[in-house]
Amino acid sequence: MFGWLDLVTIIIILIVIGVNVWFLLWLAALPGKIARDRHHAQADAINVCGWLSLLTCFATWPVALIWAYIRPVQVQVVQATSSAGSAEKGSLS
């Protein structure tokens with residue numbers, strides 16, 4: 001039914017499809033791996049964004065990759081002193 005050349009062709013096509021699927025999965029996991037290696041504070045979110053890029057045809061992948069390299073800005077919250085806090089509370093009542 002099939003000749004040996006047809007069998008070799010089918011095997012080559014299956015190998016190419018397998019390599020392409022492996023490459024797409026590796027590419028989707030790359031931003032999360034980079035974020036974990038760099039000890040990013042939001043590594044889990046970056047990993048999810050990378051995997052969601054499979055559903056969006058890699059539209060969110062550049063965002064995840066750039067996000068993996070950017071350090072998050074830490075904002076320090078300062079509490080008001082008790083006298084200033086009571087004055088503000090009194091004016092709102």
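Trainee: Which residues of α3 are buried?
Mentor: In this predicted model, W61, A64 and A68 are the buried residues of α3, where buried means under 20% relative accessible area with a 1.4 Å probe and protein chains only. Helices here are DSSP runs of H or I with at least four residues, numbered from the N terminus.

Trainee: And where do they sit around the axis?
Mentor: They cover an arc of only 65°, so they lie on the same side of α3, the arc being that of the directions from the helix axis to the C-beta atoms.

Trainee: What do they pack against?
Mentor: The buried residues of α3 pack against α1 and α2, with contact meaning heavy atoms within 4.5 Å.

Trainee: Switching to α2, which of its residues are buried?
Mentor: In α2, which spans residues 43-52, they are A43, I46, C49 and G50. Seen down the axis of α2, these fall within an arc of 120°, so they line one face of the helix.

Trainee: At what angle do α2 and α3 pack?
Mentor: The angle is about 160° and the axes are 8 Å apart, with axes fitted to C-alpha atoms over the stretch in contact and angles running from 0 to 180 degrees between N-to-C directions. The two helices are therefore roughly antiparallel to each other, a term for angles over 145 degrees.

Trainee: Which residues make that contact?
Mentor: A45, I46, C49 and G50 of α2 meet A64, W67 and A68 of α3.

Trainee: How should I read the numbering and cut-offs?
Mentor: Residues are numbered from 1 along each chain as its sequence is written. Local features need pLDDT of at least 70, side-chain atom pairs count only at pLDDT 80 or more, totals for chains, interfaces and linings use all residues, and side-chain values use heavy atoms, leaving out hydrogens and water.

How values were computed:
Buried < 20%, exposed > 50% of the residue type's maximum accessible area, 1.4 Å probe, protein only. Parallel < 35°, antiparallel > 145°, perpendicular 65-115°, else oblique.
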